[in-house]
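Welcome! Let us take a guided look at a protein model, one topic at a time.

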Amino acid sequence: MDALESSLLDGQWDSKLHTELESRPAIAMLAKDVIDGKFREVLTSPLAREFFRASGLQDKSYEESFSWKLPSVTDEAEKEFIQVTLAVASLHAFIQANWTGPDLNIKPSEVIIDMMNPTLISDEVLDMKAVTELAYGGEPAYHLAQHTTFLRLTQLIFALPYHHCISVCWWQLRTTIIHEQLLDEAVPLPMDPHDSLGSLLQTLTGDTGDRDLTGRLQLEQGRLEHIFCHDKVASDRFLQAAHATGLQYELTGALGRRTKFQQNDLSQLVLLAESRKRDNSPAEAVHDDLADQSRTPVNSSIMTNSNLPVTLELNDDTLLEQTIFTSSAPSSTTNQLSHLDPVSQPPLHPLDQCILLSLCLNVRNTSPSHGLTSEQMSPYVARVISHPKNWSVHTMALLLRSRLESTRTRTVERSVLQLQALVDQMPTADSPLPERLHYFHSIPLPSKWEMERELALRFLTLGVVKSALEIFERLEMWEEVVKCWQSMERTDKAVVIVRDLLEGRKEEAENVISRGKDLPSPRRGKLDLARQAKLWCLLGDLEPDNAVEHYGRAWALSKETSGRAMRSLGGYYFARGEFEKAIPCLQRAVKINPLLSRSWFILGCAYIRLENWEGARDSFSRCVSIDDEDGESWNNLASMYLRLDSSQNNSGLDVNGEDEPSKAKSFSNKILAFRALKQGLKYSYDNWRMWTNYMIVAVDIGELSEACRALTRIVEERSAKTGAECVDEEVLERLVTAVTRVPVGLDQSAGDDDRRRDAVNSPNEGHGLLGRVLELFDRTILPRVSSPRIFRAYARLLTWQSRWEDALKAYLDWYRCGVAGTFEKGETDVEKWREAVNEVEDVMDVLRNFGPRVQGINWRHQGRSIIRTFMGRSKDFEDEAEWSRLIEFQSELRTEE
């Protein structure tokens, strides 16, 4: 890769490039100015004046208006590099205006020259045209974003053909990420640079061997996957980036204290991390007074640096500013990090800090939603905050800490104030622009409006509705404004606001109309259609009686591109049971935006109601491919495989009732259902209904060890509420049968018979299953619940093991729980009495068979006692024929003595 291209990507001017300044002074100075943040000089340079020439911009789109010519440059390679440089300047100008600050000192009207209209077109009109063209997939671009023209120009320049600049695909990736953050919902864009990024990655790892650039590329690829909620792929990318940069890290524990009054040291989570040694590394160039920074509260050291964001102190009467570690060695760690002291770790390179923050995001996405999430994230964030090196990275770390602290009563105040401070710092010039932009593409820093929106949402959680409402109205986020009024039970006010916007009585609509006067009538009619469609959808949500009409109007107004309209209309029909009407709407919605798993889920449920099992299977498959942690979708997918199996069995039989291919397909569907449930239970571990389905399917396909595990979880979850009903006694008896059908004396030395060896080693029968089943009885079922069938199954298992005393005890417990043992005096049900007599006969046989094998038990006396007690309770049935059997039992016991 060209050295200038590499420097542009890295965002830092390499002092070794002085030869480029001598050989190509004009091009090299242009690139250096971009890196230094001098966008006005670049975008108003002679080359830019020559390049940004439009023709008929008022009547045409941006794509049709520009010819993108540089007649003064003849060399194709130089021409391509100039195009890339100007596009990067335009992209970073847009980022400065909307993300990093400070305020931008150049406007689009100062850059674009319309040859057919020498008079300047207003910036408002240019930006409105750009906002309209940036809307995609029915999702509008945020209309108050500043200088959106620069982003649209960047897209068009990078869409030109390139043959010499291999870094263009990387810049396309960065532009795609920015564009996704501009849309209301993430939508797959037509420009997909992933294919060409693979070859660029090979170039970086093979030819140049630049580990940091390789890591940055993989990190940014992971960021895009994270936006699309592809968490597994994103996690892999982040781990690859850490490997590429040489970052070593481990989450472990060390003794420490978190409160001011804590007397005993307890194990605290700590992240040990170390960057690789770099030449001229920012992480290495630290002052001696910062080397032991972690020993003191972080905030006191950070506040001294005026170039960094303000870090607020906690000032709590109980919690410490940060965890104080009293141990110099972690509890357990790898050999590579064993030399690190949790109290004083070395500073990390800013790029490695970006990777840790991204890994922190991944922890949030893949962990269950319980307290451990914040506990896992906190050490990552604390490790980055402990050594601030870059303005943007430190801002992101403080923002993440603010999010973590928003759910705790002792830290929620600092959470809100810190977020407010981060919002206020954006327009200031407290740090140089190159520093803010250097690692911007490597972190998920939100835009100015998204950060303010987050602040407003934080106000809402605290009940400060008025302040939140003011922010939403200023940002013109009308959907959130409507929610605020609904939370105050003022739906009528929300309806008035939306109608005022649609009818032009609201200030925003007046501004739109006034800005549109500069455009001809055909273009004026196309302004902001995506946003108008969204307003009609809002009105449909607020007025259910007219919802179909409003959603239909939104769909027509957007020229059939509003996924929101079809999602809402499909949900409306589904809620009212009109599934035939809901399915076409939802199909259109997922075609426009296939990344929203909720739309696929509702579509799958609609298919289920119409018994379209294949359509439902495909829909739930898409759900789990988008969000593989959706346990409910995994469960429904498994159900669809079983439904398909049932329907195929009903239609796939031949004349003789046997169809081998159909049977094979049926078993295959059951295996797929089993795997789907197994995956879903990772994320719905407490869902006893899923465990029940899993148990039944596992028994059906012969995975009895998994069925045993499932029954264990069901009993643990339900025994306190439902008692013995939580035990599927048929499954339990099948488990016992699977163990006892193998000869008890069979072992691995039983010859060369493969089948016999399999019976020993298989986890689904015989000795391989015995341990699980015994644990199921001894640790799970019997300490919690009991029933006659449970005790009888347990007794069978103990009999197979020749544990005669325990087996006899289990049979006696069965008798006591059964009909005979619980038979009450005065009972008049003859059939129940006869059943009890049969149980007495069974327990007598057990005593005769097992009694002589148990030492120290008078089984005859116990038998006489059982019969005497039962006969005493059932004297009302002396006239029955079975009464003579009881007398015979008594006589036999006396004779045997």
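With 8% relative accessibility, Cys-165 falls in the buried class, because anything under 20% relative accessible area counts as buried. Cys-708 is buried as well, at 2% relative accessibility. Keep in mind as you read that this is a predicted model.

How many disulfides does the structure hold? There are 0 of them. As background, a disulfide is a covalent bond between the sulfur atoms of two cysteines.

In soluble globular proteins, nonpolar side chains tend to be buried together. Here, the largest nonpolar core has 261 residues, and the members that touch the most other members are Phe-52, Leu-735 and Phe-870. Which helix gives the most to this core? The answer is α7, covering residues 76–100, which provides 13 residues.

Let us zoom in on Phe-870. Setting aside neighbours within four places in sequence, its contacts include the aromatic residues Tyr-815, Phe-823 and Trp-833. Phe-870 is also in contact with Ala-820, Ala-836, Val-837, Val-840 and Leu-886. There is a second, separate core too, made of 7 residues, among them Val-270, Phe-325, Leu-337 and Leu-340.

## An enclosed helix

Now find helix α8, which runs over residues 123–134 and has 12 residues. From its first C-alpha to its last it reaches 16 Å, close to the 16 Å expected at 1.5 Å a residue.

Why can α8 be called largely enclosed by the rest of the structure? Because 10 of its 12 residues are buried. Among these buried residues are Val-125, Leu-126, Met-128, Ala-130, Val-131 and Leu-134. The buried list also includes Asp-123, Asp-127, Lys-129 and Glu-133.

Gln-679 lies in helix α33, residues 660–680, and counts as buried at 15% relative accessibility. Apart from neighbours within four places in sequence, Gln-679 is in contact with Lys-232 and Trp-634.

Is Gln-855 buried or exposed? Gln-855 is exposed, with a relative accessible area of 72%, and sits in the loop between α41 (830–850) and α42 (859–873). Gln-855 and Trp-804 are 51 residues apart in sequence, while their C-alpha atoms are 9.8 Å apart in space.

## Salt bridges

How many salt bridges does the structure hold? The total is 50. One of them joins Asp-317 to Arg-410, with the closest N and O atoms 3.0 Å apart. This pair links distant parts of the chain, 93 residues apart: Asp-317 is in the loop between α14 (298–302) and β5 (319–325), and Arg-410 is in the loop between α17 (391–405) and α18 (412–425). Asp-317 is exposed, with a relative accessible area of 53%, whereas Arg-410 is partly exposed at 40%.

Another salt bridge is formed by Arg-564 and Asp-541, whose closest N and O atoms are 2.7 Å apart. Since Arg-564 belongs to helix α28 (563–575) and Asp-541 to helix α26 (529–542), the pair ties together parts that are 23 residues apart in sequence. Arg-564 is buried, at 12% relative accessible area, and Asp-541 is partly exposed, at 36%. Both residues also take part in a network of salt bridges that links them with Asp-184, Glu-479 and Lys-534. Elsewhere, the side chains of Glu-827 and Lys-832 meet in a salt bridge at 3.8 Å, N to O. Glu-827 is partly exposed at 22% relative accessibility, and Lys-832 is partly exposed at 30%.

Most residues other than glycine have a negative phi, and most peptide bonds are trans. Where is a cis peptide bond found? One runs from Gly-101 to Pro-102, with omega near -10°. Pro-102 is in the loop between α7 and β2 (113–114).

Glu-611 has a positive phi of about 60° although it is not a glycine. Glu-611 is located in the loop between α30 (597–609) and α31 (613–626), and is exposed, with a relative accessible area of 58%. Ser-802, also not a glycine, has a positive phi near 65°. The loop between α39 (788–800) and α40 (804–817) holds Ser-802, which is partly exposed at 40% relative accessible area.

Definitions and conventions
Residues are numbered from 1 along each chain as its sequence is written. This is a predicted model: local features need pLDDT of at least 70, side-chain atom pairs count only at pLDDT 80 or more; totals for chains, interfaces and linings use all residues. Side-chain values use heavy atoms; hydrogens and water are left out. A nonpolar core is a set of buried Ala, Val, Leu, Ile, Met, Phe, Trp, Tyr and Cys residues joined through side-chain atoms within 4.5 Å. Buried means under 20% relative accessible area, exposed over 50%, partly exposed in between (1.4 Å probe, protein chains only). Helices (H or I, at least four residues) and strands (E, at least two) are DSSP runs, numbered from the N terminus. Contact means heavy atoms within 4.5 Å. A disulfide is a pair of cysteine sulfur atoms within 2.5 Å. The expected span of a helix is 1.5 Å times one less than its number of residues. A salt bridge is a side-chain nitrogen of Lys or Arg within 4 Å of a carboxyl oxygen of Asp or Glu.
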